Amino acid sequence: MTAPATGRVRRRLTVRGTVQGVGFRPYVHRLAADLALAGFVGNTADGVLIEVEGPADDVDRFCELLARQPPPLATLTAIGTEDLPPTGTPEPFTIRPSTSSAGRTQLPPDTATCADCLRELADPGDRRHRHPFITCTHCGPRFTIATALPYDRAATTMAGFPLCPACAREYTDPADRRFHAQPVACPDCGPRLRLVPAPGSDVRPARDADALAAARALLAAGRIVAVKGLGGYHLACDATDDRAVTRLRARKERGGKAFAVMCPDLATVESIAHLTAHERAALTSPVRPIVLLSPRTPGAGPRPADAVCPGSPHVGVLLPYTPVHTLLFGLPGDPPGPRLLVMTSGNRSGEPIVTDDEEALTRLSGIADAFLAHDRPIACPCDDSVLRVRPDGTTQVLRRSRGFVPRPLTLPVPVRPTLAVGGDLKHALCAADGDRAWFGPHIGDLADLGGLDAARRAEQHLLTLTRVAPETVAADRHPGYHSARWARRRAAGLPARTPVLVQHHHAHIASAMAEHGLDGTAPVIGVAFDGTGYGDDGTVWGGEVLIADYTGHRRFARLAPAPLPGGDAGVANPCRLALARLWAAHLPWAEDLPSVAACTTGELSLLRRQLERDVACVPTSSMGRLFDAVASLAGVCHRAGYEAQAALELQAAAAQAWQADSAAYPFAITDRAGLLDCDPAPVLCALQTDLRRGVPAPVLAARFHRGVARAVAEICRRARTATGLTTVALTGGVFANGLLEQECTALLARDGFVVLCHGEVPPNDGGLALGQLMVAAHRFAPDRPRGPRTVPDSDATE
């Protein structure tokens, strides 16, 4: 636009992205005021609308700074500009009230307490000294308090807390850090803490500062306290107190599964775990996830009790991310309190996290001795996120929830409005429209009505905030999944009427493709290793190499199947899985094998009859079950108290010998009418030979891991020869195993393959929904090139 004679111009900017709840409007106001520009800024349901007027050079400068230096938590995805006739009126720049016009904006995730708020929290002269809900535009809850868009206080769970005069002044002052910070409050007007005794407990009720002091004292005394956080309750105890940790483990019915440990600061983290620069950056990021770290030999500082993470290769560590967490550790001058805290999800194992106060008193009864609650409602459950950092500094998210949700993912191709419901384990749904997809928070297992209710609540919350109106629903093809039945009911009221049912491992591979921006015009070699997935032939798959794109898949190779005695119920007994693998390989059950010794005589007799008569023995090609079997054969784990326990303990053993031994057990790879069988019989033979020679379990475990990686590389070489493809996707829950993923990646890269590994999208079933919706989107796009489909459409859609 050519400026008029006065040199004055007016420009309208439509900004899209994460621009609400991040201090964007006050930032724009300050920027315009600094440049002496007129105009206004306001929220809309589609983003932020700005009009600026002034000298052409100053308007240009405004636009440049807006794009180049947005607020810390803002993410700009698009800035539309339009030149308007200048009004010539030198009105001051203003912030207009939000509008609720149709459209879509992006709400930021919940964010850890910022440094400025932490300084005020510890400052005796600040009016928010020790305020458990201190926050500003740069930190605090967002997703878990939002009930609608635009993101204003009236559309949050803070609507019931009228601002006091002092907070109202800050809220309406564009120069203040708390301008339009929707959760803003202070001790005079904000949420209140209260300590509620468990029924029959000797704990006395308390409020506010007394509640916090009492909770600290209880934790220091070895008691268990349920602490209400951003997205639900935690169960907390002193992580250095072995009796307290053991008591919590028993009450929660957690088996031997590792607990996460919250440390007050980085110095404490470094006293209990090895910490790289990249891991330090992940721990201190605004996400504040649980980061899996290598434990350090106990030193002079506090050490976690042995019961915190028995048998695990990692210790999961996180830093405080709310003011309440900081206050639980204490400020200068406070009486001694806990130095490390177990912080585990507030639920019984297998159930969704508790968010409601009354429900907490019921569902956590018998676990917690007291409840540190508050009166700010939680709009949606949102558990802690979990990730690991690779040696190259990249991250692999294993549970994508608080701090990530509802941050959108950019899709490589636009899709119609779709809801994908994922699977029954590690459930997380995903909604998409156009080129954006939004994961919901981690819900967990859909084993009971509580899990399904939490999933429906998460669905409604996500669709409300993203304004996705699904036209179709995608789900797993497993006929027994609760999620698939839910999808059928959900789809009945939508235009598509029936859900798109997607094969489990095809969805895993499509998820990896979408995360890496592949448009699907060329297939990939997909290596999908996990515990259980319903196969095209009705058996249990889980050790698959598929040639796949978004439109279809062809099974190229598999782990040679073996019986799964007892089906899913048999997974808790790795010793039985080991004997079933020996049976399939025609190897004897010698009495000197650890797996045989772990079974009773009656158990051996019953298992033998079961295998001979093929009673309740579904064939499985699951790589996860092979890891379980080898863990027992090596004498590492014979009975599993939680999912993947045997595989995790096998990985921990392998890590001990990884640098000292480079041998690998061989698989036999044979072509059976166009399908490669990867037979572990030679692995089992070699392992038994080494075992009888007295080779220690860590070496056995390392050789098995390397054998699997070499088999993957060999199969991919054969796939390249057969298809010409050079891109490999590593996906499925087994690739949460860092040793295996690292070795496979190194071997494949050395052979010239492009390797796709998961980053922000979990490799396990927590990332399944993204792949489902991509497959569903292409099922309704007949004009797109079709890939290597072997499954008829009638089998995939009901």
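## The second largest pocket

In this predicted model, helix H18 gives the most to the lining of the second largest pocket, supplying four residues. H18, which spans residues 645-657, is one of several elements that each provide at least two residues of that lining, and the others are helix H8 (277-284), strand S11 (290-293), strand S15 (386-389) and helix H21 (738-750).

The space in this pocket comes to about 660 Å³. Its lining is made up of 27 residues, and those closest to the centre of the pocket are Ser294, His314, Ala655, Leu739 and Gln742. When the lining residues are sorted by class, 13 of them are polar, 11 are nonpolar and three are charged.

## How helices H19 and H20 meet

Another part of the model concerns two helices, H19 (residues 681-692) and H20 (residues 697-723), whose axes come within 10 Å of each other and cross at roughly 160°. Because angles over 145 degrees count as roughly antiparallel, H19 is roughly antiparallel to H20. The handedness of this crossing of H19 and H20 is right-handed.

On the side of H19, the contact is made by Val683, Leu687, Asp690 and Leu691, while H20 takes part through Leu700, Arg703 and Phe704. Taken by class, the residues in the contact of H19 with H20 comprise five that are nonpolar and two that are charged, with no polar residues.

Notes:
Residues numbered from 1 in each chain as written. Predicted model: local features only at pLDDT ≥ 70, side-chain atom pairs only at ≥ 80, totals over all residues. Heavy atoms only, no water. Axes fitted to C-alpha atoms, helices over the stretch in contact; angles between N-to-C directions. Parallel < 35°, antiparallel > 145°, perpendicular 65-115°, else oblique. Left-handed = near helix turned anticlockwise from the far one by under 90°. Contact = heavy atoms within 4.5 Å. Nonpolar A, V, L, I, M, F, W, Y, C, P; charged D, E, K, R; others polar. 1 Å grid on protein atoms, 1.4 Å probe; cavity = no way out; pocket = protein on both sides within 12 Å on 5 of 7 lines; lining within 4 Å. Points joined across faces, edges and corners; volume = space filled by probe spheres on them.
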